[in-house]
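This report covers a predicted model of a protein chain.

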Amino acid sequence: MLFSRFSIQWKITLLAGLCLLAIVAVLVSASMTQASRSAVLVKQSSSQMLEESAQLRMEARGESQALHIRRYFMDAYQYGRGAASQVLFIREQAEKRFLDAFDLREDLSRQIRSALGSVDVSAEPQQGCSEGQHRLEMTGLFLKTRSNPPVMLQFAEQALHDV
């Protein structure tokens with residue numbers, strides 16, 4: 001009815017316009033779908049890159065901390081070796097000079113106090129010490145750290161470097 005009143009030219013123009021409108025709608029929907037897919041891909045790839053970056057950063061940090069811990073244990077090991085060789089030297093000197101055990105302990109105690117300013121040296125073990133707690137026993141002497149064990153290790157490291 002209404003469509004029959006238009007001329008053929010108007011009908012062709014109207015149909016062409018509707019076709020163009022349909023093509024525009026299809027192109028816009030395709031563009032929106034592609035943009036959505038692109039956003040998902042960008043999000044996935046950026047998440048993956050962030051995870052890889054975090055993993056590499058954590059590995060580097062772990063290696064750094066492992067190196068720090070390894071140095072810490074090597075310092076303690078070197079201090080222990082130095083202290084053991086010092087004890088052997090003092091024992092040899094005591095045997096050559098015919099010193100008794102008391103003089104040997106006093107000499108060793110004096111040297112340990114001078115090397116480790118933050119350590120108490122006593123002749124008795126710590127009361128109530130469980131099996132899990134660590135004590136350093138050296139020729140009948142028991143060493144107990146005072147307040148800060150890392151400070152004790154710094155003193156030990158400094159004493160080793162001074163020797």
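Leu21 has a relative accessible area of 56%, so the residue counts as exposed, the cut-off being over 50%. Leu21 is part of helix α1, which covers residues 8-97. Together with Leu14, Leu15 and Leu18, Leu21 forms a nonpolar surface patch of about 390 Å².

Helix α1 contains 90 residues, and its first and last C-alpha atoms are 132 Å apart. At 1.5 Å a residue the expected figure is 134 Å, to which the model comes close.

Which residues of α1 are buried? They are Tyr79, Ala83, Val87, Ile90, Gln93 and Ala94. Val87, Ile90 and Ala94 also belong to the largest nonpolar core, whose six residues include Leu104, Leu108 and Ile112 as well. The elements giving two or more residues to this core are α1 and α2, the latter spanning 101-115. Leaving aside residues up to four places away in sequence, Leu104 touches Ile90, Arg91 and Ala94.

For the chain as a whole, three helices and three strands are assigned, in the order α-α-β-β-β-α along the sequence. The totals are tabulated below.

| Property of the protein chain | Value |
|---|---|
| Buried share of the 163 residues | 15% |
| Share of contacts with a separation of 6 or more that join residues 24 or more positions apart | 54% |
| Accessible surface | about 13600 Å² |
| Share of accessible surface belonging to carbon and sulfur atoms | 60% |

Methods
Residues numbered from 1 in each chain as written. Predicted model: local features only at pLDDT ≥ 70, side-chain atom pairs only at ≥ 80, totals over all residues. Heavy atoms only, no water. Patch = residues over 30% accessible without salt bridge, like charges linked within 9 Å, V, L, I, M, F, W, Y side chains within 5 Å. Areas by Shrake-Rupley, 256 points an atom, 1.4 Å probe, with all protein chains shown as cover. Salt bridge = Lys/Arg side-chain N within 4 Å of Asp/Glu carboxyl O. Helix = DSSP H or I, 4+ residues; strand = E, 2+ residues; numbered from the N terminus. Buried < 20%, exposed > 50% of the residue type's maximum accessible area, 1.4 Å probe, protein only. Expected span 1.5 Å × (residues − 1). Core = buried A, V, L, I, M, F, W, Y, C linked by side-chain atoms within 4.5 Å. Contact = heavy atoms within 4.5 Å.
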